[in-house]
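Please look at the sequence and the three-dimensional structure shown below before reading on. The report that follows describes selected features of the fold, its aromatic rings and its charged side chains.

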Amino acid sequence: MSDSNWTDRIAGERMAVDQLFNDQVQASSFSSQQWGLVMTAVEFEIENPEDADEARIVADTSKLSSVMPEMERVANQSPMGGPGGDSSGSSGGLLSGVKDALGLGGSGGGDKQKEEEAAQLAQAYAEKLQEKLESNGRWDTIREQAQS
């Protein structure tokens, strides 16, 4: 199911979907850099490629937990790459960092929420990707390639 050969053949569609999906990323709690990390951990698969009616692209998000620590580091950096400290950052600022250090911030729950949001966003991306392939008339060809 996770034959990367078909994924190599959709680079153009992926770039187009990246552009279209940018608004959804901006509306999320992720920065562009964090979304890039999410996408490095997500693999796309085609479920039921043999059935034209049931086939669909799904996001395998099982590796998201591996990028969560790096996403937290990115969130805690200022735009210039240094440590963040003001409250304008997505990390919640200095007070949030102090709470986390004392074990009062519940960053574990925040990580879980972030991971769930990332998984939902990745699946939405997968759906947009399939829509793009369908609109280009390439879905059946790609689906058939995923069967082999």
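## Aromatic rings and charged side chains

Phe21, Trp35, Phe44 and Tyr125 are joined by ring pairs into a cluster. The model is a predicted one, and a search of the whole structure finds 4 aromatic pairs. One of these pairs is formed by tryptophan 35 and tyrosine 125; it is tilted, with 6.4 Å from centre to centre and 55° between the planes. Tryptophan 35 belongs to helix H3 (residues 32-41) and tyrosine 125 to helix H6 (residues 107-135), so the pair ties together parts that are 90 residues apart in sequence. Tryptophan 35 is buried, its relative accessible area being 9%. Tyrosine 125 is buried as well, at 0% relative accessibility.

The secondary structure of the protein chain consists of 7 helices and 2 strands. Along the sequence, these elements follow the pattern α-α-α-β-β-α-α-α-α. Of the 148 residues of the chain, 30% count as buried.

The loop between strand E1 (43-47) and strand E2 (56-60) contains glutamate 50. Glutamate 50 is exposed because its relative accessible area, 54%, is over 50%. On the surface, Glu50, Asp51, Asp53 and Glu54 gather in a patch of negative charge. Asparagine 48 also lies in the loop between E1 and E2. Its phi is near 55°, a positive value in a residue other than glycine. Most residues other than glycine have a negative phi. Asparagine 48 is partly exposed, at 33% relative accessibility.

The count of salt bridges comes to 6.

Arginine 56 is partly exposed at 36% relative accessibility, and glutamate 47 is partly exposed with a relative accessible area of 30%.

Aspartate 140 and arginine 143 are 3 residues apart in helix H7 (residues 139-147), so about one helical turn separates them. Aspartate 140 is partly exposed, with a relative accessible area of 43%, whereas arginine 143 counts as buried at 7% relative accessibility. Glutamate 144 is partly exposed, with a relative accessible area of 47%. Through salt bridges that share partners, Asp140, Arg143 and Glu144 are joined into one network.

Methods
Residues are numbered from 1 along each chain as its sequence is written. This is a predicted model: local features need pLDDT of at least 70, side-chain atom pairs count only at pLDDT 80 or more; totals for chains, interfaces and linings use all residues. Side-chain values use heavy atoms; hydrogens and water are left out. Patches are made of residues with over 30% relative accessible area and no salt bridge: like charges are joined within 9 Å, nonpolar side chains (Val, Leu, Ile, Met, Phe, Trp, Tyr) within 5 Å. Accessible areas come from the Shrake-Rupley method with a 1.4 Å probe; for residues, only the protein chains shown count as cover. A salt bridge is a side-chain nitrogen of Lys or Arg within 4 Å of a carboxyl oxygen of Asp or Glu. Lys and Arg count as positive and Asp and Glu as negative; His and the chain ends are not counted. The place of a charge is taken as NZ of Lys, CZ of Arg, CG of Asp or CD of Glu. Helices (H or I, at least four residues) and strands (E, at least two) are DSSP runs, numbered from the N terminus. Buried means under 20% relative accessible area, exposed over 50%, partly exposed in between (1.4 Å probe, protein chains only). Rings of Phe, Tyr and Trp (its six-membered ring) pair if their centres lie within 6.5 Å; planes under 30 degrees apart count as stacked, over 60 as edge-to-face and the rest as tilted.
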